[in-house]
Amino acid sequence: MPGQRHDHKLARSSSGADDFELDASGFRLLRNGEEVRLERRSFDLLCYLVENPGRLISKDELLERVWHARALGEGAVANSIGKLRKALREEAPAPARIETVYGRGYRWRVAPGFRVCTMPKIGVATDSNVRP
């Protein structure tokens, strides 16, 4: 149910890696059971990537689908990807979840320790799924 809060607590994995849970309908990303604050566009970007696992998504597609083709440069995408990597504690040069394909775009890799609790299709964000 949209707006419903899910309070699933996740234990840290035995490897010491972080566990994440995405609750898209509740507009929350949890890391080890604690909420991670993300800007709305970064959250929408994360949802779009997760909706398309393993698929190479161009920067132009991301600008169109997440930013609604507003007159923004590729820097907006790169900036939000950087914020997501920081939130997901991705480490260069080999991030586990968000792969950069230079000159082409980005790909979401399914990785251990990331669980999707609720996932509405957001293809293009609407007023009904804008973060409060």
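One aromatic pair is counted in this predicted model, where rings of Phe, Tyr and Trp (its six-membered ring) pair if their centres lie within 6.5 Å, with planes under 30 degrees apart called stacked, over 60 edge-to-face and the rest tilted. The pair is formed by Phe27 and Phe43 and is tilted, at 6.0 Å centre to centre with 50° between the planes. Phe27 lies in the loop between E1 and E2 and Phe43 in helix H1 (residues 40-51), so that the pair links distant parts of the chain, 16 residues apart.

**Burial**
- Phe27 and Phe43 are both buried, a term that means under 20% relative accessible area, as against over 50% for exposed and in between for partly exposed (1.4 Å probe, protein chains only).
- Strand E2 (residues 28-31) is covered on both faces, with Arg28 and Leu30 buried on one side and Leu29 and Arg31 buried on the other.
- In a regular strand the side chains alternate between the two faces of the sheet.

**Strand pairing**
- Helices (H or I, at least four residues) and strands (E, at least two) are DSSP runs numbered from the N terminus, and two strands pair if DSSP finds at least two bridges between them.
- Strand E1 (residues 20-23) runs antiparallel to E2 and is joined to E2 by four bridges, with Glu21 partnered by Leu30.
- Strand E3 (residues 34-36) pairs with E2 in the antiparallel sense over three bridges, and here Leu30 has Glu35 as its bridge partner.

**Turns**
- The hairpin of E1 and E2 has four residues between the strands, and Phe27 in this turn has a positive phi of about 55°.
- The hairpin of E2 and E3 has two residues between the strands, and Asn32 in the turn has a positive phi of about 55°.

**Basis**
- Residues are numbered from 1 along each chain as its sequence is written, and side-chain values use heavy atoms, with hydrogens and water left out.
- Local features need pLDDT of at least 70 and side-chain atom pairs count only at pLDDT 80 or more, whereas totals for chains, interfaces and linings use all residues.
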